[in-house]
Amino acid sequence: MPSMMERIKQFARSPQGRRTTEQVRRAAADPRRRAQAQRLLGRFRGGHR
């Protein structure tokens with residue numbers, strides 16, 4: 001049974017993984033999406049109590 005890292009690597013190399021990676025890159029380049037992600041991370045880090 002492959003380890004979790006091996007499974008992630010296999011997915012990243014697959015056509016679906018490449019599409020997902022490209023979508024994430026495009027979303028990260030969008031200032032509105034970046035701000036949305038920062039707010040979400042702030043909640044996980046304890047900013048919302």
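First, a term: partly exposed means a relative accessible area between the buried range, under 20%, and the exposed range, over 50%. Keep in mind that this is a predicted model.

Start with Lys9. Lys9 has a relative accessible area of 37%, so Lys9 is partly exposed. Glu6, at 33%, is partly exposed as well. These two form a salt bridge, with the closest N and O atoms 3.8 Å apart. Both sit in helix H1, residues 4-13, and being 3 residues apart puts about one helical turn between them.

How many salt bridges does the count come to? It comes to 3.

Next, Arg26 and Glu22. Their side chains meet in a salt bridge at 3.8 Å, N to O. They are 4 residues apart in helix H2, so about one helical turn separates them. Arg26 is exposed, at 53% relative accessibility. Glu22 is partly exposed, at 35%.

Then Asp30 and Arg32. Here the salt bridge spans 3.9 Å, N to O. Asp30 counts as partly exposed, at 22%. Arg32 is exposed, at 66%.

Now the packing. Helix H2, residues 15-29, packs on helix H3, residues 31-44, at an angle of about 95°, and their axes are 5 Å apart. That angle makes H2 roughly perpendicular to H3. Which residues meet there? From H2, Ala27, Ala28 and Ala29; from H3, Pro31, Arg33 and Arg34. Sorted by type, the contact has 4 nonpolar residues, no polar ones and 2 charged.

Key: Residues are numbered from 1 along each chain as its sequence is written. This is a predicted model: local features need pLDDT of at least 70, side-chain atom pairs count only at pLDDT 80 or more; totals for chains, interfaces and linings use all residues. Side-chain values use heavy atoms; hydrogens and water are left out. Axes are lines fitted to C-alpha atoms, for helices over the stretch in contact, and angles run from 0 to 180 degrees between N-to-C directions. Helices (H or I, at least four residues) and strands (E, at least two) are DSSP runs, numbered from the N terminus. Angles under 35 degrees count as roughly parallel, over 145 as roughly antiparallel, 65 to 115 as roughly perpendicular and the rest as oblique. Contact means heavy atoms within 4.5 Å. Ala, Val, Leu, Ile, Met, Phe, Trp, Tyr, Cys and Pro count as nonpolar, Asp, Glu, Lys and Arg as charged, and the others, Gly among them, as polar. A salt bridge is a side-chain nitrogen of Lys or Arg within 4 Å of a carboxyl oxygen of Asp or Glu. Buried means under 20% relative accessible area, exposed over 50%, partly exposed in between (1.4 Å probe, protein chains only).
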